[in-house]
Amino acid sequence: MTDRTIIKNVKNTVDQVFCTSNKKAFIGFLTAGDPDADSTVQFILEMERGGADLIEIGIPFSDPTAEGAVIQEANIRALRGGMTTDGVFDIVRRVREKSGIPLAFMTYLNPVFHYGYERFFAKCEELGVGAIIIPDLPYEEKEEVETPAAAHNVHVISMIAPTSQARIQSIAKDAHGFIYVVSSMGVTGVRSEIKTDLESIVKSIREVTDIPCAIGFGISTPEQAKKMAAVSDGAIVGSAIVKLIAKSGAQAGPEIYDYVKSMKDAVESL
């Protein structure tokens, strides 16, 4: 089965994630190439089996400024193992031989710019990667990436942080795919408590758009995931999954499956 066969009748796989009325999504993240390419393919399939609705694949970068220690270390392990952007595309190609799971990339502007926008997004389209999240892309410069991405049916996901209060509605009006609502100030990483008034942020977004919102940064327990999904359309988890990989390496598959299943069960219970 070719990549085209899998995705030929799909406008954009990311648009499927929230298409069912009242569906709450669980979105999981992992870093490509941590600990190796074969394991990443296996882990993505285990996440899908556990119930993940969308999987974010991190393209390793040497200066991941939005990441906490857990994901920074995963980037270092992947880069030391020789992972490249072409290597990440190869991982996606291998996943597409077995799965049509909606996929998004999460990376920084530098790797995409140096790969070449046209070349990068053409490969995304070929392999059915429906979205990209670029934490260091300023809202004012989004068009530079969004124009070539849109030409290849890839959504550039808007991020709204607690500090964005004055600009929430401006950002939301221009959003595509879904909106990534950042739960807390600072970098990614597990948090014992999330105190941000996320309900007010989501309410402000809802006043100008019906684009789905998913909350990420700091979520690690089923209770937190359920709480975040209750005020939005889904929960995003990265560091907690990457910690399992750091602990168990190539043997982390069963733990990832169990963890993702527990998180999906939590958001689905609403």
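**Figure 1. Contacts of Tyr180 in the predicted model.** Tyr180 touches Glu56, Ile133, Ile157, Ser158, Met159, Ile160, Ala214, Gly216, Phe217 and Ile236, leaving aside residues up to four places away in sequence. The model shown here and in the other views is predicted. Tyr180 sits in strand β7. Its relative accessibility is 4%, so Tyr180 counts as buried. One of its contacts is Met159. Tyr180 and Met159 are 21 residues apart in sequence, yet their C-alpha atoms are 4.6 Å apart in space.

**Figure 2. Phe217, a non-glycine residue with positive phi.** Phe217 is placed in the loop between β8 and α10. Phi of Phe217 is about 80 degrees. Phe217 is buried, because its relative accessible area of 7% falls under the 20% limit. Phe217 is also among the residues that Tyr180 touches.

**Figure 3. Asn153, with phi near 60 degrees.** This value is positive, and Asn153 is not a glycine. The residue belongs to the loop between α7 (142-151) and β5 (155-156).

**Figure 4. The cis peptide bond from Asp34 to Pro35.** Omega of this bond is near 0 degrees. Pro35 lies in the loop between β1 and α2 (37-50).

**Figure 5. Helix α9 and its buried residues.** The buried residues of α9 are Leu198, Ile201, Val202, Ser204 and Ile205. Seen down the axis, they fall within an arc of 155 degrees, so they line one face of α9. Glu199 and Lys203 are exposed on the other side of the helix. The cover over the buried residues of α9 includes β6 (158-160), α8 (168-173), β7 (179-182), β8 and α10.

Figure 6. Four names make up the buried set of α10 (residues 222-230): Gln224, Ala225, Met228 and Ala229. Their arc around the axis is only 130 degrees, which puts them on the same side of α10. On the other side, Glu223 and Lys227 are exposed. The buried residues of α10 pack against α9 (198-206), β8 (213-216), β9 (234-237) and α12 (253-268).

**Figure 7. Lys264, a buried lysine.** Lys264 is part of helix α12. Its relative accessibility is 7%, so Lys264 counts as buried. Which residues does Lys264 touch, not counting those up to four places away in sequence? They are Lys23, Lys24, Ala25, Phe26, Gly50, Gly51 and Asp53.

**Figure 8. Val112 in helix α5.** Helix α5 spans residues 109-115 and holds Val112. Val112 is buried, with a relative accessible area of 0%. Beyond residues up to four places away in sequence, Val112 touches Thr107, Tyr117, Phe120, Phe121 and Ile132. Val112 and Ile134 are 22 residues apart in sequence. Their C-alpha atoms are 9.4 Å apart in space.

**Figure 9. The second largest cavity.** Two cavities of 30 Å³ or more turn up in a search of the whole structure. The second largest cavity holds about 50 Å³ of space. Its lining consists of Phe29, Thr31, Gly58, Ile59, Pro60, Pro64, Glu67, Ile71, Asn75, Met106, Thr107 and Tyr108. By class, the lining of the second largest cavity has seven nonpolar, four polar and one charged residue. Thr107, one of the lining residues, is also among the contacts of Val112.

**Figure 10. Cys124 and Cys213, two buried cysteines.** Cys124 has a relative accessible area of 0% and is buried. Cys213 counts as buried too, because its relative accessibility is 0%. How many disulfides does the model contain? The count is zero, where a disulfide would need a pair of cysteine sulfur atoms within 2.5 Å.

Conventions:
Residues numbered from 1 in each chain as written. Predicted model: local features only at pLDDT ≥ 70, side-chain atom pairs only at ≥ 80, totals over all residues. Heavy atoms only, no water. 1 Å grid on protein atoms, 1.4 Å probe; cavity = no way out; pocket = protein on both sides within 12 Å on 5 of 7 lines; lining within 4 Å. Points joined across faces, edges and corners; volume = space filled by probe spheres on them. Nonpolar A, V, L, I, M, F, W, Y, C, P; charged D, E, K, R; others polar. Buried < 20%, exposed > 50% of the residue type's maximum accessible area, 1.4 Å probe, protein only. Helix = DSSP H or I, 4+ residues; strand = E, 2+ residues; numbered from the N terminus. Arc of directions from axis to C-beta. Contact = heavy atoms within 4.5 Å.
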